[in-house]
Amino acid sequence: MSTATARRGPRLGWNILGLLVFVVVGFPVYWMLNTAFKPAKDAIDPDPSLLPTGLTLDNFRRALDIADFWGPVGRSLIVSLSVVVIGMVIGLLAALAISRFAFRGRKVVIVGILAVQMVPLVAMIIPVFLLLNDLGQYDKLTGLIITYLTFILPFTVWTMRGFIVNIPRELEEAAMVDGCSRTGAFVRVVFPLLAPGLVATSVYAFIQAWNEYLYALMLLSQENQTATVWLANFTTKHGTEYAPMMAGSTMMAVPIVVLFLLVQRKMAAGLTAGAVKG
């Protein structure tokens, strides 16, 4: 048996495994789209068809009519973009300090960042609610933004630290020898190299803020609800309207898909940055 034939077997097995993983991960998305475009009566059929039986846009019209859609979506965009911008600025500076400067308690800070990410979000609901109520931030978007920053910032700092560590210090030192200040060396040399990492981290932070449901439900009233909480309008005392709910979920997924398509090249570069060091 030749070497090429010997290698083909394991490769085929990994390809089949990858295909199975893709099917398992992608099936919920396919089912959401399938249900969103099928007639409402087919969505509650006890013997559903895996293939579309008919295409209709009535579910999207129903989703837009059942409750205000653009208001919650606009609030979700405001919260998500604010969290990304603030989180990236603070997170980048914190990650730079941890990566490039030696100070007392540095290891404690790193361990603390990891420890914060291990705390279940549901365990902090009551303390966060009481704190925001005392600060007058309950039922306000600013309060929700502050809350999201508490669990997105540690993720941002830790992720950006990984990118910064893999950029050689010698590049900054060479720029400083050529006359750049430390800030100038960072802006001209380090920051462009961090662009893929910034994009990848920003996308993940945006997705976390956009998809968060529990805190948005607990900290905002119905008048200020975000897009994820808006989906609860399809569940009433008469039952759940599954087809319009899937149509609403499809519309909610559009901003994420558009964002990913716009930054997919930088995203791929950011995910592989640091894989090979040196």
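Biologist: What makes R61 and D58 about one helical turn apart?

Modeller: They sit three residues apart in helix 3 (residues 58–66), so about one helical turn separates them. Helices here are DSSP runs of H or I with at least four residues, strands are E runs of at least two, and both are numbered from the N terminus. Before we go on: this is a predicted model, where local features need pLDDT of at least 70, side-chain atom pairs count only at pLDDT 80 or more, and totals for chains, interfaces and linings use all residues. Residues are numbered from 1 along each chain as its sequence is written, and side-chain values use heavy atoms, with hydrogens and water left out.

Biologist: Why is the R61 and D58 pair called a salt bridge?

Modeller: The label needs a side-chain nitrogen of Lys or Arg within 4 Å of a carboxyl oxygen of Asp or Glu. The closest N and O atoms of R61 and D58 are 2.5 Å apart, so the pair qualifies.

Biologist: How many salt bridges does a search of the whole structure find?

Modeller: Three. One of them joins E241 and R62, with the closest N and O atoms 2.8 Å apart. E241 lies in the loop between strand 2 (239–240) and helix 12 (242–272), and R62 in helix 3, so this pair ties together parts 179 residues apart in sequence. The side chains of D42 and K41 also meet in a salt bridge, at 3.3 Å from N to O.

Biologist: How do you know whether D42 and K41 are buried or exposed?

Modeller: Buried means under 20% relative accessible area, exposed means over 50%, and partly exposed is in between (1.4 Å probe, protein chains only). D42 has 17%, so D42 is buried, while K41 has 60% and counts as exposed.

Biologist: And what makes T147 buried?

Modeller: Its relative accessible area is 3%, so T147 goes in the buried class. T147 belongs to helix 7 (residues 141–165). Leaving aside neighbours within four places in sequence, T147 is in contact (heavy atoms within 4.5 Å) with V128, L132, Y215 and L219.

Biologist: Why is L17 called partly exposed?

Modeller: L17, found in helix 1 (residues 3–37), has 42% relative accessibility, so the in-between label applies.
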